[in-house]
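User: I would like to go through this structure with you and ask, for each label, what it rests on.

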Amino acid sequence: TILDVQNRFIAGEFPIKPIIAIISEWGATFLISKAGKLKKIIEKDTQTKLENLINRSFFIDAIKIARSSDCEAEILNDIYGQYGDHLYEKGNLQGAIEQYSSTIGFLEPSYVIQRFLEASKIHNLTDYLQALHKVGRASKDHTTLLLNCYTKLKHTDKLDEFIMSKEGGDFNFDVEHAISVCRH
């Protein structure tokens, strides 16, 4: 059994005859069995590890490896997006929204919004739109959609909180546009 101690998961398991020696040299590990056989074990590159984990739907492990390997943000966000798609297909809408929220700034918001436009998914859509506003990536259309979600859900308390919220003295939305939407 080969363990990835840093990321806390089993990296590989395979049967080998009783081992009498383990030698690590030249970027590989060599195992010498009692029968005198030599077995060479080489660690796969990060991209191959990530592809294997994603193909087997081990997204959490793939995220851990991407983070510990200092992968580019684009790669990590791609994993979050694929994990969101996986959770969406499995019916875990809240989990999907959490993953999609991690991709804000990389994944096009319209992709996520289209997936959650059905009335039964409005709560999840609202969570995503709130996340877009929180990080300052929301457009006027996103603000309109969020205000309409609050109205449809009859969340007047959240609507009031959103309209009255200021971070650092600034609103996270276009005030004039919000007023215009609320009047109609």
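User: Which residues does leucine 129 touch, not counting residues up to four places away in sequence?

Analyst: This is a predicted model, and in it leucine 129 touches Ile113, His142, Leu145, Leu146 and Cys149, leaving out residues up to four places away in sequence. Leu129 also belongs to the largest nonpolar core, which has 35 residues, and together with Ile79, Tyr100, Phe116 and Tyr128 it touches the most other members. The elements that give two or more residues to this core are α1, α2, α3, α4, α5, α6, α7 and α8.

User: Why are α3 and α4 called roughly antiparallel?

Analyst: α3 and α4 pack at an angle of about 170°, and their axes are 8 Å apart. Because angles over 145 degrees count as roughly antiparallel, α3 and α4 receive that description. α3 passes α4 in a left-handed crossing. The residues that meet are Tyr80, Gly81, Tyr83, Gly84, Asp85, Leu87 and Tyr88 in α3, and Leu93, Gly95, Ala96, Gln99 and Tyr100 in α4. Seven of the residues in this contact are nonpolar, four are polar and one is charged.

User: Which residues of α4 are buried, and which helices do they pack against?

Analyst: Leu93, Gly95, Ala96, Ile97, Gln99 and Tyr100 are buried in α4, and the buried residues of this helix pack against α2, α3, α5 and α6.

User: How do you know whether tyrosine 80 is buried or exposed?

Analyst: Tyrosine 80, which is placed in helix α3, has a relative accessibility of 10%. Since buried means under 20%, tyrosine 80 counts as buried. Not counting residues up to four places away in sequence, tyrosine 80 touches Ile63, Arg67, Gln99, Ser102 and Thr103. Tyrosine 80 and serine 102 lie 22 residues apart in sequence, yet their C-alpha atoms are 6.6 Å apart in space.

User: Threonine 103 is found in a loop; what makes it buried?

Analyst: The loop in question runs between α4 and α5. Threonine 103 has a relative accessible area of 0%, and because the cut-off for buried is under 20%, threonine 103 is classed as buried. Leaving aside its neighbours within four places in sequence, threonine 103 is in contact with Asn77, Tyr80 and Gly81.

User: How many helices and strands does the chain have, and what pattern do they follow along the sequence?

Analyst: The secondary structure comes to nine helices and five strands, and read along the sequence the pattern is β-β-β-β-β-α-α-α-α-α-α-α-α-α. Of the 184 residues in the chain, buried residues make up 34%. Among contacts between residues at least 6 apart in sequence, 36% join residues at least 24 apart.

Definitions and conventions: Residues are numbered from 1 along each chain as its sequence is written. This is a predicted model: local features need pLDDT of at least 70, side-chain atom pairs count only at pLDDT 80 or more; totals for chains, interfaces and linings use all residues. Side-chain values use heavy atoms; hydrogens and water are left out. Helices (H or I, at least four residues) and strands (E, at least two) are DSSP runs, numbered from the N terminus. Buried means under 20% relative accessible area, exposed over 50%, partly exposed in between (1.4 Å probe, protein chains only). Contact means heavy atoms within 4.5 Å. A nonpolar core is a set of buried Ala, Val, Leu, Ile, Met, Phe, Trp, Tyr and Cys residues joined through side-chain atoms within 4.5 Å. Axes are lines fitted to C-alpha atoms, for helices over the stretch in contact, and angles run from 0 to 180 degrees between N-to-C directions. Angles under 35 degrees count as roughly parallel, over 145 as roughly antiparallel, 65 to 115 as roughly perpendicular and the rest as oblique. A crossing is left-handed if the near helix is turned anticlockwise from the far one by less than a right angle, and right-handed if clockwise. Ala, Val, Leu, Ile, Met, Phe, Trp, Tyr, Cys and Pro count as nonpolar, Asp, Glu, Lys and Arg as charged, and the others, Gly among them, as polar.
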